[in-house]
Amino acid sequence: MGLFFTLIALVVTLGLTWRYLGSYMEAVFNGRVHWLGWIERPIYRMLGTSPEQEQTWKRYAGAMIVFSFVSLVFTYVILRIQGSLPLNPQRLPAVGPALSFNTSVSFLTNTNWQNYGGETTMSYFSQIGALTVQQFVSPAVGIAVAIAMVRGFARRKSPTIGNFWVDITRCMFYILLPIAFIFGIIFVGEGAVQTLSGTASFTDVLNGATQTLARGPIGFMEAIKQLGTNGGGFLDQNSATPFENPTGLTNFLSIYLLLSIPFALTYTFGKMVGSIKQGAALLAAMLLIFATFAAFTINAEHGQNPAVAAAGIHSTVGNTEGKETRFGDTSTALFATASTQTSTGSADASYDSFTPDGGLGLLAGMMIGEVTPGGTGSGLYTILIYAIIAVFIGGLMIGRTPEYLGKKIQAKEVKLAGLGSLVMPLTVLIFTGIAVSTVAGRAGPLNGGPHGFSEILYAFTSQGNNNGSAFGGLSGNTPFYNIMGALAMLIGRFGIIIPALALGGVLAEKDVVPESLGTFRTDNGMFVGLTIGVILIIGGLTFFPAIALGPIVEQLVHARFF
Amino acid sequence: MEFMADFLSIVGFVAATLAMLGLVKVLDKV
């Protein structure tokens, strides 16, 4: 019954958010919102730019790349010198070079993969000045790229797709900061810790033991962690701890925040291209896949863990090992599905303790490219890449030059879309192959056999998709995994962003072809089905052999597939 | 030792940035 009411509340709140936040974001990016103009204008003056100075896709991408380089170095330097910086009551030393390298890339790419325990590694200054800053910046970059790509569909014969500096400034100040501030207050009000006073020690009067509890500026970081589909928690145990996720309400709000912007961006898309039905078609494709995966994972976790059942223990309350009893099996499975399908990776449970089927649900959600609904911005620009492939296939079927929103999809667009859709699977599979073929790679997983393989596959799937969630059974803080993981995150992020911007630029230059009777419609059920088919077929064909070696074998070993 | 690791990290960032700029150039010619 709890799950039923959670779903009803999610549908209502996300429905309203889709409509109104989606519409607001369109107004923000089209320059019709000015209530923070007094902040915007000085920033543009400082950067030597203005909303009128639009950029070609190459200049837009160049600005984004330079900005990313500065962000990388900024984060790396803070982590390396944190021992000499203020706000370090625990006197934590500098973070090691390899871990700083991995963490800088991780937060830049919106992955938030953490090869460290936050409370024992990062000072307050690092958490606030480096990591939380990136938790605002990286989703802003993702959303800006998605908007720039959408402008490619919305404009006619335009050499430009917007201004990168203006887009991220507007995204930060009009969208991310105000929403994160409001939800930060709610999280702190519910009991999430927010202090700069350092750790607290308590003596247990029953056995005389002294406990040291990690604290910090957690509550406000929690809001942007979920809203920006970041996932990097202040504490090692992430949203499973009451200090980050204190109540059922914060657990619900976490799920809501994860899904809010990625879903709402489809409305923004529809409004920008002049047809809400076009956005609704993408929303329908996202929702149908999300609902299917959520049902599969919830069903798996509501059942028994086959390994536990094989040991002769028969639970009647689902697979509760590794889960918070505060949240239960089904809400935890819903949180995990939302987290893995939105490029977030936050966790309110141990994913390593999920049933093989449940783990498969999480893995597969990432393997289909994180488009259901995907990360902030990345979900939209990635599903648009799949949509281009879908109309290309549709065009081949009916023997016409494919069109999407009146723009002819020709060889260049298909090449760019092909590259954008294949970068992630190639990265994940090649890096997993290298890891299982080397001693350093095989030293990572804590388990042998198919579960150990799943741990490696999950790690690179998570990093290659900029998700950041971890199975939990992998020792990732080694030079091999720090460096290989960082490479996977960089390729997985920019190997898709740059083709997406190129697509936006190429499409913006084109004129619109008048609609005719033979035009392949992209706002109906046929298109939704075709897009879902493309997403599932690309994901299935590329990853099925790897899945077969991991979770499927593991489930079969326990001789109980469902 | 640590200095060398820091130096290699910055070199890695520069290399990644140049690779991205290179990808922009390549995709422009596709």
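Trainee: Okay, which residue stands opposite A:Phe202 in β2(A)?
Mentor: That's A:Gln211. Keep in mind that we're looking at a predicted model.

Trainee: How many bridges join β1 to β2 in chain A, and which way do the strands run?
Mentor: There are four bridges, and the strands run antiparallel. β1 covers residues 200-203 and β2 covers residues 210-213.

Trainee: And what sits between the strands of that hairpin?
Mentor: Six residues, and A:Gly208 in this hairpin takes a positive phi near 75 degrees.

Trainee: New topic. How is chain A divided into domains?
Mentor: Domain 1 is 2-273 and domain 2 is 277-557. Their C-alpha centres lie 21 Å apart. The contact takes 65 residues from domain 1 and 67 residues from domain 2.

Trainee: Which element gives the largest share on the domain 1 side?
Mentor: α9(A), with 15 residues. By class, the domain 1 side that touches domain 2 has 32 nonpolar, 28 polar and five charged residues.

Trainee: What about the largest nonpolar core, how many residues does it have?
Mentor: It has 168 residues, and A:Met149 and A:Leu501 are among those with the most contacts inside it. The largest share of this core, 18 residues, comes from α18(A).

Trainee: You mentioned A:Met149. Which residues does A:Met149 touch, leaving out those up to four places away in sequence?
Mentor: A:Tyr381, A:Leu384, A:Ala500, A:Leu501, A:Leu503 and A:Gly504.

Trainee: Last one: how many residues does each chain put into the contact between chains A and B?
Mentor: Chain A gives 21 residues and chain B gives 16 residues. On the chain A side, α3(A) brings the largest share, nine residues.

Trainee: And how does that side divide by class?
Mentor: The side of chain A that touches chain B has 15 nonpolar, two polar and four charged residues.

How values were computed
Residues are numbered from 1 along each chain as its sequence is written. Chains are lettered from A and ligands numbered from 1 in the order in which they are written. This is a predicted model: local features need pLDDT of at least 70, side-chain atom pairs count only at pLDDT 80 or more; totals for chains, interfaces and linings use all residues. Two residues are in contact if their C-beta atoms, placed from the backbone, lie within 7 Å. Helices (H or I, at least four residues) and strands (E, at least two) are DSSP runs, numbered from the N terminus. Ala, Val, Leu, Ile, Met, Phe, Trp, Tyr, Cys and Pro count as nonpolar, Asp, Glu, Lys and Arg as charged, and the others, Gly among them, as polar. Two strands pair if DSSP finds at least two bridges between them. A nonpolar core is a set of buried Ala, Val, Leu, Ile, Met, Phe, Trp, Tyr and Cys residues joined through C-beta atoms within 7 Å. A residue is buried if 20 or more other C-beta atoms lie within 10 Å of its own, exposed if 12 or fewer, and partly exposed in between; C-beta atoms are placed from the backbone. Domain bounds come from an automatic or database domain assignment.
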